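These are my notebook entries on one protein chain. I looked up a few residues at a time and wrote down what I found.

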Amino acid sequence: MATDLARIFGTEGPFARKLAAYRLRPQQLAMAEAVARAIEEGGQLVAEAGTGTGKTFAYLVPALLSGGKVIVSTGTKTLQDQLFSRDLPFVRDALRLPVTVALLKGRANYVCHHHLARTREQDSLASRAEVRYLQRIESFARTSARGDKAELAEVPDNAAIWGQVTSTRENCLGGECSRYADCFVMKARKDALAADVVVINHHLFLADVVLKDEGLADLLPRCNTVILDEAHQLPETATLFFGEEVTAGQLGELARDAEVEALTAARDYAPLPDAARALGLAVRRVRLAAGEATGKQTQPDALRRGDFAAALEALAAALATLASELAEQAERSDELAQCGRRAAEAAARLSRWRERDDPDWIRWLDVTPHGWQLHASPLSVAEIFARQVQNSARSWIFTSATLAVNGDFALYRRELGLAEASTGCWDSPFDYAHQALLYVPRGIPPPNSFEHTDAVVAASVPVLAASGGRAFLLFTTLRALERARDAIAAALARERLDYPLLVQGEGSRSELLSRFRSLGNAVLLGSQSFWEGVDVPGDALSLVVIDKLPFAPPDDPLLAARLAHIERQGGNPFLDYQLPEAVISLKQGAGRLIRTETDRGVLMICDGRLAEKPYGRRILSALPPMRRTRELDDVLEFFRRSVPV
């Protein structure tokens, strides 16, 4: 296959003929050859490919040439749709391969005929907008071939109505549903079974891993090769996925569904709607007992509060009563039987959260302004994940722009139990020394001080003036983002800098990015949502400001438990976990700046620890090889030479 790859990626190959701007990138060819070897040998490859390497084509070409069934999993719906609609068809057509492709998403992405009909019959929508949305969804469901809500742009992705007209694993009736033959989810799964290449996302992939680990049927079709793009997200996603949760939202929905179905199918049995309403009250009592302060707290800390422990006891009793009443009336309708199963499963999860004493698990309470979640997660997913990899006759490709620290994959391999995996690291082909400047301003207060965010804003203003806006200001916490919002607005007004200000939360991410690209001189304030998976090539983005090094908050219960676990095993929590995690996250944020060979820009990191702490050198060496400065004059000169006229 090596000869074929050299020809395909060469200057006379099919890509060069189809793309006017195509050029041979040695890094891309080398990665493609490594992927081909892993597929041929049935091995595991962990591959880091810097921005601009062209990793998507580097894994798609050998995967399609292999002739086997391939699953490609991504971390975001955006990349999933891009792969299915653009990249895969392009590569397939360029190589002239008779390959069939299917897109498979989680069931919450597909309109459910059953729940759509129930929503229409209940006539309980809260606003006129929701009524209009329902009418559009009904029309869409009658004419759509796939029922994928992403195809209905007229209804916002975050509209509340979607939760009422799609299904979940808990409330799907499966083969007992009267609309099973028309089910969009089942059609998508049948298409996936028949296709040569299936594009999915990490949540769906991990659902399959969990179901297999529990000895249940495969959710995804069997395949020869699994490719996990945006693979840096897997450890954290897997930690939550392999755990359990009980949430106010889950139980509130269960209470509503049980009450509605009781009034429909068991109208003469008063104890059932009473039990459903009692569960709703118990859910609200837990929120009141959790107190006014939001945030996370460990299970022992939460249960030490007598009122909270009593509220959980009352919740358990309400769940048990509802489960019992539903079991009594289960024969009256499929929906009642299903609500009964949901209640029994929730009661079991709640019992495990309250009683389990396992040093390999961490349990915590997360309180939000209007709700709460009880989480239980394993401290390590390595054993579970490794078992899935080792017990399957598949090739496994893990790839991302950020998996290693200076070429060292130790943390990533340890987190997923990939002891046998080979590794490869290919640097970006971009000329960072000429295209970019790294600026660490002097005089910024310590990152944990109250004054830090105001100082970040003050230091950013002259740079924004020089860059003509065209900037991302990325913050490690929502609290800092909120504090910066008013400060940056006031500073821009004071300096008479007429740059549009876009703020995370004031519109969907896609809407904000579309406006940012079209405006040409905007300043966008974002937090975690904009650190990765955001692509703004060209002149619209020439400055990325990061407020501080992205170390995870020390009061996070899961992090604290992990660090204690590492220390018990004789490791160094900071060097073995916190530092490499921060480096990988910082590389993601920094990667927003230079997206093409012609981009130019400044990366501004407002954290003196980069220059003053011994570990700062390790972080700097892991970033792209930009020219570095601590002087504002160097930044102003860079933009004088770079800003388009």
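This is a predicted model: local features need pLDDT of at least 70, side-chain atom pairs count only at pLDDT 80 or more; totals for chains, interfaces and linings use all residues.

**Entry 1**

I began with Glu313, which is partly exposed because its relative accessible area is 46%. I used these cut-offs throughout: buried is under 20% relative accessible area, exposed is over 50%, and partly exposed is in between, with a 1.4 Å probe and protein chains only.

Residues are numbered from 1 along each chain as its sequence is written, and side-chain values use heavy atoms, with hydrogens and water left out.

Which residue does Glu313 form a salt bridge with? The partner is Arg354, and the closest N and O atoms are 2.4 Å apart. This pair links distant parts of the chain, since Glu313 is in helix 15 (residues 306–329) and Arg354 is in helix 16 (residues 334–355), 41 residues apart. Arg354 is partly exposed, with a relative accessible area of 25%. For a salt bridge I required a side-chain nitrogen of Lys or Arg within 4 Å of a carboxyl oxygen of Asp or Glu. Helices (H or I, at least four residues) and strands (E, at least two) are DSSP runs, numbered from the N terminus.

**Entry 1: other salt bridges**

How many salt bridges are there by this rule? I got a count of 36. Side chains of opposite charge can pair when their charged atoms come close.

Glu48 forms a salt bridge with Lys587, with 3.1 Å between the closest N and O atoms. Here too the pair links distant parts of the chain: Glu48 is in strand 1 (residues 44–49) and Lys587 is in helix 24 (residues 573–590), 539 residues apart. Are Glu48 and Lys587 buried or exposed? Both are buried.

Arg387 and Glu383 meet in a salt bridge of 3.8 Å, N to O. Both lie in helix 17 (residues 382–390), 4 residues apart, which is about one turn of the helix. An α-helix has 3.6 residues a turn, so residues three or four places apart point the same way. Arg387 is partly exposed at 32% relative accessible area, while Glu383 counts as exposed at 61%.

I also found a network of salt bridges that links Asp81, Lys105 and Asp148. Asp81 is in helix 5 (residues 77–95) and counts as partly exposed at 25% relative accessibility.

**Entry 2: distances between C-alpha atoms**

From Asp81 I went to Gly54, 27 residues away in sequence, and the C-alpha atoms are 17 Å apart. Glu12 is 69 residues from Asp81 along the chain, and their C-alpha atoms are separated by 29 Å. Glu12 lies in the loop between helix 1 (2–8) and helix 2, and Glu12 is exposed, at 64% relative accessible area.

Ala63 and Ala393 are 330 residues apart along the chain, with 16 Å between their C-alpha atoms. Ala63 lies in helix 4 (residues 55–65) and counts as buried at 1% relative accessibility.

Which residues of helix 26 (residues 614–622) are buried? I listed Tyr615, Gly616, Ile619, Leu620 and Ala622. They are on the same side of helix 26 because they cover an arc of only 160° around the axis. The arc is that of the directions from the helix axis to the C-beta atoms. The face turned away from this buried side carries the exposed residues Pro614 and Arg617.

**Entry 3: positive phi**

Glu230 has a positive phi of about 50° although it is not a glycine. Glu230 is in the loop between strand 5 (225–228) and helix 11 (234–241) and counts as buried at 11% relative accessibility.

Arg470 is not a glycine, yet has a positive phi of about 55°. Arg470 is in the loop between helix 20 (452–467) and strand 13 (471–474) and counts as buried at 5% relative accessibility.
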